[in-house]
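These notebook entries record what I looked up in the structure. A surface feature comes before the overall layout.

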Amino acid sequence: MGKEAQGTIPLVRLTRVVDGLPEQPQGDAGLVTWSVRGEIGKSGLMLGRPLLHLHVQANPVLVCQRCNEPFVFPIDSEVLLQLVKSEADLDDDASYGDASGEDDEDEEGNGFVSNLPEKVVGSHHFDLLAQVEDELILSVPYVPKHDVCPGALANVSEASPEEPAVKRPSPFAVLEQLKHKD
């Protein structure tokens with residue numbers, strides 16, 4: 001452990017990520033940059049456990065679900081992974097001791113552990129690019145949308161500030177008038 005690796009891969013080569021997405025950019029704009037660093041846990045619940053720090057950056061093109069226009073969604077994700085020996089160890093909370101976290105403190109000793117690392121099965125044939133792809137899939141929002149859709153800005157600028165919006169009578173005022181007609 002203690003080794004580092006980094007690299008880039010065209011987003012279009014990660015077929016599980018781009019499935020269902022619009023055409024992705026070519027060249028530097030369409031690259032996924034990743035880095036990984038391995039270490040052995042030095043304290044607390046992670047003492048002596050193999051860990052991977054994974055950092056993934058990409059700018060996939062998604063389709064806004066409000067305006068149906070494509071937009072670039074920047075991803076900059078960092079995740080801590082714990083390598084386990086088998087799939088049986090993935091659900092084994094006993095490997096963390098008391099998984100409730102009631103008696104466990106974080107590295108600074110300031111309180112409870114809030115985020116345990118995600119467990120993944122490690123092996124001599126660990127597929128790092130599949131893990132990078134998984135992290136990208138998890139980082140893409142389920143319902144992608146602009147913060148403010150470009151069409152919404154155009155519609156706001158087209159409306160003249162001098163023209164008041166059409167004022168409709170309150171439905172309660174109409175009911176009040178019906179009440180007084182009797």
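**Entry 1, surface patch.** I found that Phe172, Val174, Leu175 and Leu178 make a nonpolar surface patch of about 410 Å². Patches consist of residues with over 30% relative accessible area and no salt bridge, with like charges joined within 9 Å and nonpolar side chains (Val, Leu, Ile, Met, Phe, Trp, Tyr) within 5 Å. A salt bridge is a side-chain nitrogen of Lys or Arg within 4 Å of a carboxyl oxygen of Asp or Glu. Areas come from the Shrake-Rupley method with a 1.4 Å probe, and for residues only the protein chains shown count as cover.

The model is predicted: local features need pLDDT of at least 70, side-chain atom pairs count only at pLDDT 80 or more, and totals for chains, interfaces and linings use all residues. Residues are numbered from 1 along each chain as its sequence is written, and side-chain values use heavy atoms, leaving out hydrogens and water.

I located Val174 in helix α4 (residues 171-181). Val174 counts as partly exposed because its relative accessibility is 36% (buried is under 20%, exposed over 50%, partly exposed in between; 1.4 Å probe, protein chains only).

I placed His146 in the loop between α2 (128-139) and α3 (150-158). His146 has 12% relative accessibility and therefore counts as buried. Leaving aside residues up to four places away in sequence, His146 touches Cys64, Arg66, Cys67, Glu69, Pro70 and Phe71 (contact: heavy atoms within 4.5 Å).

I noted four helices and seven strands (DSSP runs numbered from the N terminus: helices H or I, at least four residues; strands E, at least two). Of the 182 residues, 27% count as buried.
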